[in-house]
Amino acid sequence: MKFSDELTEKLLIAANKIATQKHMCAVKNSFTALIPVIITGSFCTLITNVVCATEGTGISLGKLPGMQWLAMFTDWFNAANYATLNFFTVAAVVLIGLELGKLNKMQGFMPGIIALCSFISCLPTFVEITQNGTVIHVANVIGKDYTASRGLFLGIVIALVSVEIYTKLVTSEVMKINMPDSVPGNVSNSFNVLFPSMVTVLICALFNFFTTKVLGMSLYTIIYTFLQTPLEKVMQGLPGLLILMFVAQAFWCIGIHGNQIIKPVRDPLLNAAILANTDLVAQGIHDVSQLNIINMSFWDTYMSLGGSGCTLGLVIAILLLSRREDYRAIAKLEAAPAVFEINEPMIFGLPVVLNPLLAVPFILTPLVTGTFAYIMTKIGFAGVCVYAMPWTTPPILSAWLSTGGSIGAMITQIICIAMAILIYAPFVILANKAKDASQ
């Protein structure tokens, strides 16, 4: 018991340090704020494909007789999709800069502006396109690879580094310009940060210039090749996903919000994966070998049924098998929230927290359902999750929306719910016996 208490205390300390680390907080808060942007872009692509499309594979309202006129709205939804998903990294850079600036006690919007300027200063300002076998160099443009999901990690790194440099320069006051008292405050503040802003952007631009000239690779190429791609490969593999889920569930079991702990690592990777899928689908690519099976929607659709731990299965198992009035009362209270993936009443009311009996199925269930869903998607039975959706979307509907209408995905999700019930059932029965023995 003493060892267990000491271990729990150490985990609590470690979790608190992770949760309050300012760079982690800046990334986590920014991605939370960007959820509406991701969902808006995904929704527009979904409408384009299942309502407006008149050609290609898949189900679409526009393919029905007399409904071809819906194709006229394609440009409308494509414009909104382009404005959200193709500029997602730009929005993330600004928000991360603002969030880190707040944590560094920097006032105003300047940290977000500096982060954006520094990021753009590290991007190539040309694209090369091939037309009729001829490579055409187009200058003074920024390719969408840098502003969409592929440039995300470069954006995160530059935003964090540039704001830290800017903060150090501002707080040192070495470059501060003292203006007369007669000068308005907003003008004075602008001059106070003039040189720190200039130096910060120039340092970032110089670093990219140096790597390009000396190493022959831009910062984008270096970070995408040696940081983003390896991390994506780990997370796109089933073992990496299961490890991340295991860590989240283990923290939940000792009373710590596990998703908040892993969020700074999980969200950039899994959101980048779902954004990449949406972009590929918008281009007419539906081949499972080219899509990311594991992404944020996959996590929500198959591994969070009823909330963390797939506790929808626990609720149903209790209502079917439990003789304990305390368990049944909580399960009845939780039945409605569980449909919308909210399960705090179960985790803290039953409780699951610090409950050795329920900790085992709570950790095990999402690992099993995630593995099963991955296999079903890999073999082509279930469609790949290609659209982002609110995490509160009810089961069955979530499978249909995230995959763009895959019946196989809906069946797979139903089977996952049944599996969750079967995994929790023996432990609910054991809880009955434990209650009887204590009376």
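Predicted model: local features only at pLDDT ≥ 70, side-chain atom pairs only at ≥ 80, totals over all residues.
Residues are numbered from 1 along each chain as its sequence is written, and side-chain values use heavy atoms, with hydrogens and water left out.

The chain contains 20 helices and two strands, taken as DSSP runs numbered from the N terminus (helices: H or I, at least four residues; strands: E, at least two). Its C-alpha trace spans about 80 × 65 × 45 Å along the principal axes. The chain has 439 residues, of which 47% are buried; buried means under 20% relative accessible area, exposed over 50%, and partly exposed in between (1.4 Å probe, protein chains only). The accessible surface is about 20900 Å², with 69% belonging to carbon and sulfur atoms; areas come from the Shrake-Rupley method with a 1.4 Å probe, and for residues only the protein chains shown count as cover. Among contacts (heavy atoms within 4.5 Å) with a separation of 6 or more, 70% are between residues 24 or more positions apart.

Helix α3 (residues 35-52) packs against helix α4 (residues 74-85) at an angle of about 155°, and their axes are 8 Å apart. Axes are lines fitted to C-alpha atoms, for helices over the stretch in contact, and angles run from 0 to 180 degrees between N-to-C directions. The two helices are therefore roughly antiparallel, given that angles over 145 degrees count as roughly antiparallel, under 35 as roughly parallel, 65 to 115 as roughly perpendicular and the rest as oblique. The crossing of α3 and α4 is left-handed, that is, the near helix is turned anticlockwise from the far one by less than a right angle; clockwise would be right-handed. Residues of α3 in this contact include V37, I38, T40 and G41, and those of α4 include T74, F77 and N78. By class, the contact of α3 with α4 has eight nonpolar, nine polar and no charged residues (nonpolar: Ala, Val, Leu, Ile, Met, Phe, Trp, Tyr, Cys and Pro; charged: Asp, Glu, Lys and Arg; polar: the others, Gly among them).

The axes of α3 and helix α13 (residues 258-282) come within 10 Å and cross at roughly 25°, which means that α3 is roughly parallel to α13. This crossing of α3 and α13 is also left-handed. On the α3 side, I38, G41, S42, T45 and N49 take part, and on the α13 side N271, L275, T278, V281 and A282. The contact of α3 with α13 comprises four nonpolar, six polar and no charged residues.

A53, in the loop between α3 and α4, is buried at 18% relative accessibility. Apart from residues up to four places away in sequence, A53 touches T48, S60, G62 and K63. In helix α2 (residues 22-33), S30 is buried with a relative accessible area of 1%.

Most residues other than glycine have a negative phi, and most peptide bonds are trans. C310, in the loop between α14 (296-302) and α15 (312-321), has a positive phi near 50° and is buried at 0% relative accessibility. I396, in the loop between α18 and α19 (397-403), has a positive phi of about 75° and is partly exposed at 30%. A cis peptide bond with omega of about -5° joins L350 and P351.
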